[in-house]
Amino acid sequence: MGSRPSECGVGTDYMMASESVALKQLGFGDFRDILPGEGVIIRKAAAPVFYQIQERKRYAPDIFEFCYFARPDSVIDGISVNQSRENMGYRLASKIMKTLTPEEVKGIDVVIPIPETSNTSAPFVKNVRQFFCYIALCRM
């Protein structure tokens, strides 16, 4: 464990999952992030024991977990995935406004979120200059 975002939850027993939402749905609480390089041993009728097996060099979250893989209602490393996606949309909108000329910004007709996980970010980009926002592509 500890290679992807991982959580440990306490319920009537212990459970580990890659997303907090899986633990919540099964009634687990008291979440604890399993850190990169950390190992966990769970013995029958005992609390989990956490060991730092590999030295943790620095905090380096996987941006793809926040952008693509995780469900929006998950929390990774204490950060709401939904809130992080909203922040990404806001920062992208700010970048557009700082990078493009006013004439170039006026030339933008529509914001189309691709992939579907960017549906959370798109409204924040749209709100900067009231672009139209359409869901034009979706998985079947």
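**Exercise 1.** Determine which residues make the nonpolar surface patch of about 590 Å².

*Solution.* The patch is made by Val 110, Ile 112, Ile 114, Phe 132, Tyr 134 and Leu 137, where patch residues have over 30% relative accessible area and no salt bridge, and nonpolar side chains are joined within 5 Å. Leu 137 is found in the segment after strand E9 (132–133).

The model is predicted, so local features need pLDDT of at least 70 and side-chain atom pairs count only at pLDDT 80 or more, while totals for chains, interfaces and linings use all residues. Residues are numbered from 1 along each chain as its sequence is written, and side-chain values use heavy atoms, with hydrogens and water left out.

**Exercise 2.** Determine whether Ser 74 is buried or exposed, and what it touches.

*Solution.* Begin with its place, which is the loop between H2 and E6. Ser 74 has 1% relative accessibility and therefore counts as buried (buried means under 20% relative accessible area, with a 1.4 Å probe and protein chains only). Next, leaving out residues up to four places away in sequence, Ser 74 touches Glu 19, Ser 20, Val 21, Ile 79, Ser 80 and Val 81 (contact means heavy atoms within 4.5 Å).

**Exercise 3.** Describe which residues of H3 are buried and what they pack against.

*Solution.* Helix H3 covers residues 81–99, and its buried residues are Val 81, Ser 84, Arg 85, Gly 89, Ala 93 and Ile 96. These buried residues pack against helices H2 (63–69), H4 (102–106) and H5 (122–126), and against strands E6 (75–76) and E7 (79–80).

Key:
Helices (H or I, at least four residues) and strands (E, at least two) are DSSP runs, numbered from the N terminus. The expected span of a helix is 1.5 Å times one less than its number of residues. Buried means under 20% relative accessible area, exposed over 50%, partly exposed in between (1.4 Å probe, protein chains only). Patches are made of residues with over 30% relative accessible area and no salt bridge: like charges are joined within 9 Å, nonpolar side chains (Val, Leu, Ile, Met, Phe, Trp, Tyr) within 5 Å. Accessible areas come from the Shrake-Rupley method with a 1.4 Å probe; for residues, only the protein chains shown count as cover. A salt bridge is a side-chain nitrogen of Lys or Arg within 4 Å of a carboxyl oxygen of Asp or Glu.
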